[in-house]
Amino acid sequence: MDRDSDTVFIGGEWIRARGPQRYEIISASTEEALATAPVAAAEDVDAAVAAARRAFDDPAGWAHWEPERRAAVLDRFATALDERGSEIARLVTSQNGMPITISSVSEAVFPGTLVRYYAGLLRDTPIETERPSMTGGTTVVRHVPIGVVAAIVPWNFPQTLTFFKLAPALAAGNTIVLKPAPETTLDAYQVADAANAAGIPPGVLNIVTGGPETGAALVEHPGVDKVAFTGSTRAGRIIAETCGRLLRPVTLELGGKSATIVLDDVDLATEVGKMFSCTLVNSGQTCMLGTRVLAPRSRYGEVVDAFAGLVGMLPVGDPFDPGVILGPLVSARQRERVEGYIARGRDEARLVAGGGRPAGLDKGWYVAPTVFADVANDAVIAREEIFGPVLAVIPYDDEDDAVRIANDSAYGLGGTVWSADPERARALATRVRTGTVGVNFYNIDHHSPFGGIKDSGIGRELGPEGLASFRHVQSVYLG
């Protein structure tokens, strides 16, 4: 086992959790127990929020530091994260089965990069600006931290999505209580150690572990000033209802069922391989993936064959093997969920690839990458987020029909348009109702806002907009 812990991180120290319950962290690839962690009780959440409140209210504390002083600590935090990067990648892969080739970048490199970006943005973004008042005086517009932030993150990209929240929230001057997913807890311990090594003051970052009950206690806590959540739409609705009742600011990055629109001029031989990263990466356990593949009727059979050929060539297996492209799903429950959708798909459409478990992998929660053809856009496998390596190839008649189908979804998070003519693809991309969309590729840019519309969430993370979401705006009227 990597670590058995009875502690939570509060006020800059590891203290014994008050709750008696513990949970096991299980390896997705071996099904073996890696460690145990405590289920933080309401008393633990109270203590964590109180520590964050004391740190925020301290008149000489983090929220009141000059930007340069705070940015210097964030730079040290980024360095401390980098120093722990290889271990963080190992822990993430051992827990959720993410291929090490992905975790060595997204989970080991991206956090430090994002912290440095917000440290730089903090230095370059004025806290106060002056505007001439229409009544003849001056108004000072101040950008001030919100307060205590509850950050709740999922298991699929645990470090990346943690720092979507931590980096801008810390830069803005807030204090934080972080709750990692129970499936990926061990990597969060490394974040706490890095914070202490960097000199982040006690109470500025606190970590409580547990499941939905711990998260609910945090969301509902009267001492929390904002909630930032990434996870399922179902859980997001509950959080939104709570925050609405409490008039509490909330950022929600939720599910997706995005469209990969293949136009009729695409060179499939060269482009289909590039589509992997926006359709199946991390075994489909990625919110913005375009798992609805929209193909023109004039080339429908070619597109179906191209994707069937693609998934047939993807190495599936031990996520620590650098030659492996697809690892297991995160848990037995997740595999059962995905297999349930595959069973439904057999009744709704034509299975052309995958549909079962890979041969020779007796341990681990593996599912073979799967492609369905002849899918109607009103089929369950086209409407609901599966969160597994399952693609639904849907035919369309012309560009207007493609846009109609792409937008006929409860979700609106990602999407791509593929064409030999980039300008044609760009023009069509602007018609897709979604928070983000790529032209002939998809890659989240941390300089630019990320988030969804409709059932995919509320608010934006990343870029200057991500920093602004963790600040209040105050107007001071001067005569």
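Modeller: Let's start with one term: a residue is called buried when its relative accessible area is under 20%, and exposed when it is over 50%. Please keep in mind that this is a predicted model.

Biologist: Thanks! Which residues of α2 are buried?

Modeller: Pro67, Arg70, Ala71, Val73, Leu74, Phe77, Ala78, Ala80 and Leu81 are, so each of them falls under the 20% cut-off. These buried residues pack against α3 (85-96), α5 (110-124), α6 and α7.

Biologist: Why is α7 called mostly covered?

Modeller: Of its 13 residues, 10 are buried, among them Leu186, Tyr189 and Val191.

Biologist: What makes a group of residues a nonpolar core?

Modeller: The members must be buried residues of the kinds Ala, Val, Leu, Ile, Met, Phe, Trp, Tyr or Cys, joined through side-chain atoms within 4.5 Å. The largest such core here has 88 residues, and those with the most contacts inside it include Phe77, Tyr118 and Phe307. Helix α6 (residues 158-172) gives the most to this core, with 9 residues. A second, separate core has 30 residues, including Leu263 and Ile405.

Biologist: Which residues is Tyr118 in contact with, leaving aside its neighbours within four places in sequence?

Modeller: Tyr118 is in contact with Ala167, Pro168, Ala171, Leu462, Gly463, Gly466 and Leu467.

Biologist: Why do β6 and β21 stand at the edges of their sheet?

Modeller: That open sheet has 3 strands in the order β6-β7-β21, with antiparallel pairing. β6 (128-132) and β21 (471-478) each have a single partner strand, so one side of each is left without a neighbour in the sheet.

Biologist: How do you know that β7 and β21 pair?

Modeller: Two strands pair if there are at least two bridges between them. Strand β7 (residues 138-145) and β21 have 8 bridges, in the antiparallel sense, so they meet that cut-off. Val141 stands opposite Ser475 in β21.

Biologist: How do β13 and β14 pair?

Modeller: They pair in the parallel sense over 3 bridges, and Ile261 stands opposite Leu294 in β14. Both strands belong to an open sheet of 7 strands with mixed pairing.

Biologist: Why is Asp321 called partly exposed?

Modeller: Its relative accessibility is 36%, which lies between the 20% and 50% cut-offs, so Asp321 counts as partly exposed. Asp321 is in the loop between α11 (300-313) and α12 (332-348).

How values were computed. Residues are numbered from 1 along each chain as its sequence is written. This is a predicted model: local features need pLDDT of at least 70, side-chain atom pairs count only at pLDDT 80 or more; totals for chains, interfaces and linings use all residues. Side-chain values use heavy atoms; hydrogens and water are left out. Helices (H or I, at least four residues) and strands (E, at least two) are DSSP runs, numbered from the N terminus. Buried means under 20% relative accessible area, exposed over 50%, partly exposed in between (1.4 Å probe, protein chains only). Contact means heavy atoms within 4.5 Å.
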